[in-house]
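Student: Can we go through this one together? I'd like to start with the aromatic rings.

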Amino acid sequence: MMMMMFFPTRTLMLMFLLSSRHKAQGEDPDLMLTHYLLQMEISLRSVRDSTLTLTLLNLFLLLHGVSSDTEFEISVPTGVQMGVYGEAVHLSCVFPVSGSWDADRIMIMWQHNQEVVHSFFHGRDQPQYQSQTYANRTSLFHQEMKKGNASLRLDRTTLEDAGEYTCSVRTRLGRQSKSFPLKVAAFYSEPRLKTSLLDNGHMEVLVTSEGGFPSPSLQWLMGNTRDVTNHTHTQLSKDHHTGLYSVNSKLILNGTVSSSITFIMKNPDLDQTIRRNIDLFSENGGSDQRSQRAGLIVLSVVVVILLAVIISLIILRHRMMKKEKSRNPSESNIESSEALIHQTAAEKTFNG
């Protein structure tokens, strides 16, 4: 206990001595001490005791230089932020600016719980001080800094990235730190359906989906109205590497009854809702349906044949009537000729 008290006291004395020396040399003592404290963070990280470094850093910021006041107020999200697994997430942090801009006199630090996520001072990023967990995954918006943008982009988000994030900003106007929580969730994949006929004549309906987080809520409906979720068996398995869930849910149906089922899976963190309608026919019900369908097919064929016969008869009759009309003018001409001959013969007899 005495050693723990002695170490921070000695360190604080060293901090103030370093501050006086750098101020005499015209350097920014706050930034230089931040540099030393981050060096201590790297050393203590090997023994998993970064809490001490963070405590010293916070104490130094309170005792030295300009304290935070109402004129310097940074803005961070007020509620829980949501990140999607495997995608980039934007963590917002905005600070006030005025007058001339000097990137060398600004310090930005992002922390996750007690780890350094990203740090910026001396006019450049300082990746050597960040936790290896975030290596090559973080970036600031450098072109927007002069407008007061200290936001962080975190790429390839993992479930381990969830937790409390703290944005700390120091400029000539003041300094302040604010924190907010981040949640990480993952979308579930399109469900796969598998049906199996069991030895007892019942039917098993299995739905599988994977790659999601957190655990989903499931619901099974029979006929889109009756809830049969309590009659299902659902199993969740977790990937030890990614922490993502796979879900298998199955429903056993009576093999003598045809069924219309609705499967609903929800991931409320991402407002994801998957709803699938499943129409199943049991063995007996399937035979009845097949018989009905066969009857409909036969009836359709008979109707088509009757229509074809009727159409053929109509066409044949039309052709016959056309031929009959074509013959009638010839018969009329013959009859007229015969009548004329008879008339001529009669006239000759009368004259003779």
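Tutor: Rings of Phe, Tyr and Trp (its six-membered ring) pair if their centres lie within 6.5 Å; planes under 30 degrees apart count as stacked, over 60 as edge-to-face and the rest as tilted. This is a predicted model: local features need pLDDT of at least 70, side-chain atom pairs count only at pLDDT 80 or more, and totals for chains, interfaces and linings use all residues. Residues are numbered from 1 along each chain as its sequence is written, and side-chain values use heavy atoms, with hydrogens and water left out.

Student: How many aromatic pairs are in the whole structure?

Tutor: Five. In one of them, the ring centres of W110 and F180 are 6.1 Å apart and the planes are at 85 degrees, so that pair is edge-to-face. W110 is in strand β3 (residues 107–112) and F180 in strand β9 (residues 174–185), 70 residues apart. Strands here are DSSP runs (E, at least two residues), numbered from the N terminus, and helices are runs of H or I, at least four residues.

Student: Is W110 buried or exposed?

Tutor: Buried, at 0% relative accessibility. Buried means under 20% relative accessible area, exposed over 50%, partly exposed in between (1.4 Å probe, protein chains only). F180 is buried too, at 1%.

Student: New topic: where is P214?

Tutor: P214 is in the loop between β11 (203–212) and β12 (217–222).

Student: And what does P214 touch?

Tutor: Leaving out residues up to four places away in sequence, P214 touches A185, Y188, Y245, N267 and D269. Contact means heavy atoms within 4.5 Å. P214 and D269 are 55 residues apart in sequence and 7.8 Å apart in space, C-alpha to C-alpha.
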